[in-house]
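Here is a short report on one protein model.

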Amino acid sequence: MPATDASRVAVGGLAVARVLHDFVRDEALPGSGIDEREFWAGFEAIVDDFAPRNRDLLARRDELQRQLDDWHTAHPGPIADHAAYEQLLRDLGYLTDEPGDFQIRTSNVDPEVAVQAGPQLVVPLLNARFAANAANARWGSLYDALYGTDVVPETGGAEKGASYNPIRGAEVIARARALLDAHFPLASGSHADARSYAVSGGAVVVELEDTTTGLVDPQQYVGHRGDPARPDAVLLVHHGLHVEIQVDRADPIGKDDPAGVKDLLVEAAVSTIMDLEDSVAAVDAYDKVDGYRNWLRLMQGSLTATVAKDGRTFTRRLEPDRVYDGPAGQVVLPGRALLFVRQVGLLMTTDAVLDKGGQEIPEGILDAVLTALGSLVDLQRRGDLTNSRAGSMYAVKPKMHGPLEVAFTDELFARVEDLLGLDRFTIKLGIMDEERRTSANLKACIHAARDRVAFINTGFLDRTGDELHTSMLGGAMIRKGEMKSTAWISAYEAQNVDIGLECGFQGRAQIGKGMWAMPDEMAAMLEQKVNHPLAGASCAWVPSPTAATLHALHYHRVDVAARQRELSGGRRTSLEQLLTVPLAASTDWTDEERTAEVENNLQGILGYVKRWIDDGIGCSKVPDIHGTALMEDRATCRISSQHVANWLHHGVVTAEEVEAAFERMAEVVDRQNAGFGYAPMAPAYDDEAFGAARDLVLQGLEQPSGYTEPILHRSRRAKKATRKSAQE
Ligand SMILES: CC(=O)SCCNC(=O)CCNC(=O)[C@H](O)C(C)(C)COP(=O)(O)OP(=O)(O)OC[C@H]1O[C@@H](n2cnc3c(N)ncnc32)[C@H](O)[C@@H]1OP(=O)(O)O
Ligand SMILES: O=CC(=O)O
Ligand SMILES: [Mg+2]
């Protein structure tokens, strides 16, 4: 095909970045049966039809925001007359009529989505090492998760230390045995006293000191590996999640265990979201292709990554399925999490493809087509491994505002299905309930995708950012840390479950809850995140495989199916509660409180943005002002930047105070990151990252919906261009 210039190829009316064009031709299309010319012609037709609609939807967002800004300017402070406010939202079309009762009709859904409640891991897809790890996180070592985290306190001789500490090890083993006793009780005695595990006549036989026993519920036995009299592994199931008792009397741990148990392998990340959105920094065709290639390889089963750690280097590969001998023959369980891919939202455009007018196309359209193209190998069963046994692709669409945007996505996916020869509704849709207009119209949003919706999920971080931006002009907002206890957030979390159940999600689709954003605070997570299954969620987000392993324990404690049945049959909250704006009742914070709030936000922004712009890292662990490491991504950055912008706009802090705090916090971030290759922001404060962080706050009011992408993309592109020209 003719080249337009060295870096682009003209395909019909499109100018496609060569790196993307070559990826499609050489890696994604071969074997698919799809002709290259037809692919690009179909792609161009989709762009022609959907790009103008995408632009119209964004214009509608802006129009609504302007109207809300006008209203808040005319009615400053808390909403005095809720009925009038609600009527305004209806008149503007912000609130639409709720559809009558209906049930979703999504079909060909894998059990991981339909019935198996468990953790959902999220991972930046551009990082192959993490992505392979995340796919493999379906199974996690409980011993490692307990030993390696703060779940077991480092007191009383149980410190981690430089080498294995048997006191800590004994505590880990005791906790693991207690878990077996709680969820897989023995007819008599305790797993703590087991001398051996065996299988006989299709049942587990546990030898205790002076007797043998079995499981109270023999149905919990699923299978074993090895000689039934001396198995290497005994597989049990509880609440639909498996636990493998691993036995090896030659292992350093197993040799000292009376029953030879070396570990409990727990089924952990039942599903994983491969993220192309808020946890990645993808600003050009090269970045986009890195993501699409990793997705393709995941679907092929061929993704590998070279891992160098602890003085050794090895190749990480995707785990095969797990095979056991069961009472009625072979049992095969998935070795990997069921994978979803999170595409980008409607906002950004990409220069990976220019349309016939020379304009960048909407990035979401490119993601929709290219990730589905990557999934073809799985859907056509050409891969070495299988992702969806039910023959579906799982796509998550973030940041949609209201039912028209959901309908747009549904239609876009249908066109992608036609392009790739897929049956209608092969592509399932996960709806992030993370913008206020979606929460306020959730039932209509679900209705707009009722044949393909596979999850609704409370993305409370973006949702908080949108709460701040939508009502920005209403007044000064409460402090960030107080958001968790507001009326709107409890209404939002409860109604998401209620509406999901009302629309028939149970047994068909996931009802999900948000991220645990303190990656190192595993003891706190173990204590608190049980609230998610208790609230009726069939999955909830975790930031790492270790967190998935520990969060899995919550689904053993809570029978989600039973909990959902209890919660079905009504809504517990009102629209008024959902629409209550979190304005501060009074702004008489002390100087210390104001400074702490602003410094905390700015430290997070700077710590995150610096790595984004300089290193292209889209998700980072950044300490807050108390030293707690927080997961920062674009959604948390949206909250922090919008919060400072709000306080600045309403005069809670002055521009001078913010500028001074920026400089102080830049020094803190520099100290935290000092080391090889790090370019400090202080004392010049003139680098690209510092400028981007300032703009996020100082231009926060003008950012569409308060999103961070436009500024982050602009600055990262500028950084890349500077580096490139320095190399030339
Ligand atoms: C609002 C939202 O949209 S939330 C969704 C977006 N957020 C995410 O996707 C969170 C993803 N998580 C992460 O990126 C990381 O866990 C962070 C940035 C939070 C912490 O990262 P780090 O500081 O590098 O983690 P840490 O040093 O503790 O652990 C690194 C190890 O854990 C693994 N790991 C950490 N997170 C993940 C993950 N999400 N998936 C798979 N593996 C992971 C790495 O592979 C690595 O192990 P390896 O050396 O064997 O490869
Ligand atoms: O995407 C998740 C969120 O909380 O935002
Ligand atoms: Mg989000």
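## Around ligand 1

Ligand 1 has 26 residues around it. Val122, Val123, Asn133, Ala134 and Ser279 come nearest. The model is predicted, and these values are computed from it.

Several secondary-structure elements build the shell. Strand E4 (120–124), helix H5 (128–136), strand E14 (304–309) and strand E26 (620–623) each supply at least two residues. By class, the shell around ligand 1 holds 15 nonpolar, 5 polar and 6 charged residues.

## Domains

The protein is divided into three parts: domain 1 (56–138 + 270–578), domain 2 (140–267) and domain 3 (591–727). Domain 1 is given as two segments, 56–138 and 270–578.

Which domains each give at least three residues to the shell around ligand 1? Domain 1 and domain 3 both do. As for spacing, the C-alpha centres of domain 2 and domain 3 lie 46 Å apart.

## Helices H1 and H8

Helix H1 (residues 18–28) packs with helix H8 (residues 285–300). The angle is about 15 degrees, and the axes are 9 Å apart. Because angles under 35 degrees count as roughly parallel, H1 is roughly parallel to H8. The crossing of H1 past H8 is right-handed.

On the H1 side, the contact uses Val19, Leu20, Phe23, Glu27 and Ala28. H8 brings Ala285, Tyr286, Lys288, Val289, Tyr292, Arg293 and Leu296. The residues of this contact between H1 and H8 divide into 9 nonpolar and 3 charged, with no polar ones.

Definitions and conventions: Residues numbered from 1 in each chain as written. Chains lettered and ligands numbered in written order. Predicted model: local features only at pLDDT ≥ 70, side-chain atom pairs only at ≥ 80, totals over all residues. Domains from an automatic or database assignment. Near = placed C-beta within 6 Å. Helix = DSSP H or I, 4+ residues; strand = E, 2+ residues; numbered from the N terminus. Nonpolar A, V, L, I, M, F, W, Y, C, P; charged D, E, K, R; others polar. Axes fitted to C-alpha atoms, helices over the stretch in contact; angles between N-to-C directions. Parallel < 35°, antiparallel > 145°, perpendicular 65-115°, else oblique. Left-handed = near helix turned anticlockwise from the far one by under 90°. Contact = placed C-beta atoms within 7 Å.
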